[in-house]
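The sequence and structure come first.

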Amino acid sequence: KLSGKEPEKARETLLKRYQNQLKRVAQQSAADVYESMINSLTLLYDPHTNYFSPRTSENFNINMSLSLEGIGAVLQSEDEHTKVVRLVAGGPAHKQGQLKPTDRIVGVGQGDKGEVVDVVGWRLDEVVDLIRGKKGTIVKLEVLTEKDESRFVSIKRDQVKLEDQAAQKAILDVTENGKTHKVGVIDIPAFKN
């Protein structure tokens, strides 16, 4: 209501938000619960100690090395679908040119002849696990376009460099009261989130 929505639209938005939160809770796995419980315990005694589940550990290693083996697409959950937000410049999906931002992934298959598994309603990290794979292997995606047209896209996995997430440095010359000073600036994109 504070954003100026009509009461009926506000109800619909609030109901959709609550349904999405309930869906996320229902999709929690035993590993997620275990990680939360152990981290609560470790943080109680030492704020610098964390437990990483295998999935969290893999994502941490990817973030530290700024590279992964996959197709180079940034994905997000939207309603029941996995949506392509953007393609990593120079990544396999970008070079191949068939996958587009706003495409929704509804199926994932391994290899050109592998069976395509329906992934509608799956957790985002489970869909990502199916899409990532060894360099040189093929992943086949069934996607829905913005116009709800279904098509298949086969992409050869490769090394994806995540340079846009790397820290950047710059030295600026700042003049104040006739004196020039050098100021160092470090931009860490991960801190912007």
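A residue is called buried when its relative accessible area is under 20%, exposed when it is over 50%, and partly exposed in between. The model is predicted. With these cut-offs, Glu8 is partly exposed because its relative accessibility is 47%, and Arg11 is exposed because its value is 53%. The side chains of Glu8 and Arg11 form a salt bridge, with N and O 3.1 Å apart. Both residues belong to helix 1 (residues 7-26), where a spacing of 3 residues separates them by about one helical turn.

A search of the whole structure returns 13 salt bridges.

| Salt bridge | N to O distance |
|---|---|
| Arg11 and Glu8 | 3.1 Å |
| Arg132 and Glu58 | 3.6 Å |
| Asp158 and Lys135 | 3.8 Å |

Arg132 and Glu58 meet in a salt bridge at 3.6 Å. This pair links distant parts of the chain, 74 residues apart: Arg132 is in the loop between helix 5 (124-131) and strand 6 (138-144), and Glu58 is in helix 3 (residues 54-65). Arg132 is partly exposed at 21% relative accessibility, and Glu58 is partly exposed at 36%.

Asp158 counts as partly exposed at 29% relative accessibility, whereas Lys135 counts as exposed at 52%.

Salt bridges with shared partners also join Asp32, Arg55, Arg123, Asp125 and Asp129 into one network.

Conventions: Residues numbered from 1 in each chain as written. Predicted model: local features only at pLDDT ≥ 70, side-chain atom pairs only at ≥ 80, totals over all residues. Heavy atoms only, no water. Salt bridge = Lys/Arg side-chain N within 4 Å of Asp/Glu carboxyl O. Helix = DSSP H or I, 4+ residues; strand = E, 2+ residues; numbered from the N terminus. Buried < 20%, exposed > 50% of the residue type's maximum accessible area, 1.4 Å probe, protein only.
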